[in-house]
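Me: I would like to go through this model step by step, beginning with a single side-chain contact and then widening the view.

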Amino acid sequence: MSIKAQIEQKLVTQLSPLHLEVINESYMHNVPEGSESHFKVVVVSEQFSGQRLLQRHRAINAVLADELANHIHALAIHAYDPQQWQTMTKEQIPNSPDCASKK
């Protein structure tokens, strides 16, 4: 199973997201073609209601602890509760910065 699929499976199981995007951004970095080392996740979950951003990030980091320790070099997290998500447009989700050492 790919790292991306593992991330998706774990986040779905643990957070029951209303919306989930797992984006492999490894191509934006100085890594071999086909790498799965840099990811961006956009997660919308009822579990995030009433939580501060730090709590949301900690929850995601806990779910993905094994992947972060063994496979993922970088993880951009964009975590929203349903009310925040309803007021957003896709353009409001921040883009990840370019890698300084990109090929």
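Me: In this predicted model, which side chain makes a polar contact with that of E21?

Reply: The model is a predicted one, and the contact in question is computed between side chains, with a length of 2.8 Å. The partner that E21 reaches in this polar contact is H19.

Me: Is E21 buried or exposed?

Reply: E21 has its place in strand β1, and its relative accessibility is 16%. Because a residue counts as buried when that value is under 20%, E21 is classed as buried.

Me: Which strands form the edges of the sheet?

Reply: The sheet is open and has 3 strands in the order β1-β2-β3, with mixed pairing. An edge strand here pairs on one side only, and this applies to residues 19-24 and to residues 74-80.

Me: How many bridges join β2 to β3?

Reply: Strand β2 covers residues 38-44 and runs parallel to β3. Within this part of the sheet, K40 stands opposite A76 of β3. The number of bridges joining β2 to β3 is 7.

Me: What angle does the direction of helix α2 make with that of β3?

Reply: Helix α1, residues 3-15, packs on the sheet, where it touches β1 and β2, and its direction makes about 25° with that of β2. Helix α2, residues 53-63, also packs on the sheet, touching β2 and β3. For helix α2, the angle between its direction and that of β3 is about 125°.

Note on methods
Residues are numbered from 1 along each chain as its sequence is written. This is a predicted model: local features need pLDDT of at least 70, side-chain atom pairs count only at pLDDT 80 or more; totals for chains, interfaces and linings use all residues. Side-chain values use heavy atoms; hydrogens and water are left out. Two strands pair if DSSP finds at least two bridges between them. Helices (H or I, at least four residues) and strands (E, at least two) are DSSP runs, numbered from the N terminus. Contact means heavy atoms within 4.5 Å. Axes are lines fitted to C-alpha atoms, for helices over the stretch in contact, and angles run from 0 to 180 degrees between N-to-C directions. Buried means under 20% relative accessible area, exposed over 50%, partly exposed in between (1.4 Å probe, protein chains only). A polar contact is a pair of N or O atoms within 3.5 Å; within protein, one must be able to donate a hydrogen and the other to accept it, and residues adjacent in sequence count only if both atoms are side-chain atoms.
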